Amino acid sequence: MCTLKVIFVCCILIMYDINIANSFPSFSIDGKDYPFSFYSRADWNADPSTDVRPLITPAPYVVIHHTYEPPACNDTAQCEAAMKSMQDYHKSLDWGDIGYNFCVGSEGGAYEGRGWEVVGIHAGKANSISIGICLIGDWREQLPPVQQLETTKALIEEGVKRGFISSDYKLIGHRQALPTECPGTALFNHISTWDHFVSQFEPPLTKKI
């Protein structure tokens, strides 16, 4: 009888540990913790990428984006669903994966897209020289929540600390690389006050062979 009780308690504890483990973000994709909630591709059940081209780091540019659809996500479940829907849509365009390197939700969580070391498809000529960060939601008329903005800044800082983003990086909005409203007028006006923002995107000259 005692043995059965012990087995029962052990099973309960194992189930408890599994539930606890699945209720928190990964925080790390390269062996180091992040100072904010971080969710890996595995956390949002990303499909394997079919477009993996190495990004030369440290990247000299950071490009800020927003989304018309999906709308702003306010909890982990919503944001993970938004990541999956974006990946599905971008794959339908033959991009092979979600286009962004990272996304940030309104709840302040950072979500791994293509990650630090893979070229994204998000800003034309800036793709191969930048980290693309999308603030999930439509930010044409209103600003994202404070926690979403702060996580975005912290994510950029982590990229610099870890050597994935150049210490003298240039920050631009998507509209500076391609003709688009993205990242929304309200958000664009706000990031224009951030450190490292530049008023003009200057792609590197293509060498003639």
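The model is predicted. Its protein chain has four helices and six strands, and 45% of its 209 residues are buried.

**Overall fold**
- Among contacts with a separation of 6 or more, 71% join residues 24 or more positions apart.
- The chain exposes about 11200 Å², and carbon and sulfur atoms supply 58% of that area.

- In soluble globular proteins, nonpolar side chains tend to be buried together.
- Here, the largest nonpolar core has 29 residues, and Ile133 and Leu171 have the most contacts inside it.
- Two or more residues of this core come from each of S2, strand S3 (102–104), strand S5 (130–135), helix H3 (146–161), strand S6 (165–173) and helix H4 (185–191).
- Helix H3 gives the most, with four residues.
- If you zoom in on Leu171, you can find contacts with residues including Val62, Ile64, Ile156, Trp194 and Phe197.
- There is also a second, separate core of 13 residues, and Tyr39, Cys73, Met86 and Cys103 are among them.

**A buried arginine**
- Arg41 sits in the loop between strand S1 (38–39) and strand S2 (59–66).
- Why does Arg41 count as buried? Its relative accessibility is 17%, and buried means under 20%.
- Leaving out residues up to four places away in sequence, Arg41 touches several residues, including Asp47, Asp97, Glu112 and Arg114.

Notes. Residues numbered from 1 in each chain as written. Predicted model: local features only at pLDDT ≥ 70, side-chain atom pairs only at ≥ 80, totals over all residues. Heavy atoms only, no water. Buried < 20%, exposed > 50% of the residue type's maximum accessible area, 1.4 Å probe, protein only. Contact = heavy atoms within 4.5 Å. Core = buried A, V, L, I, M, F, W, Y, C linked by side-chain atoms within 4.5 Å. Areas by Shrake-Rupley, 256 points an atom, 1.4 Å probe, with all protein chains shown as cover.
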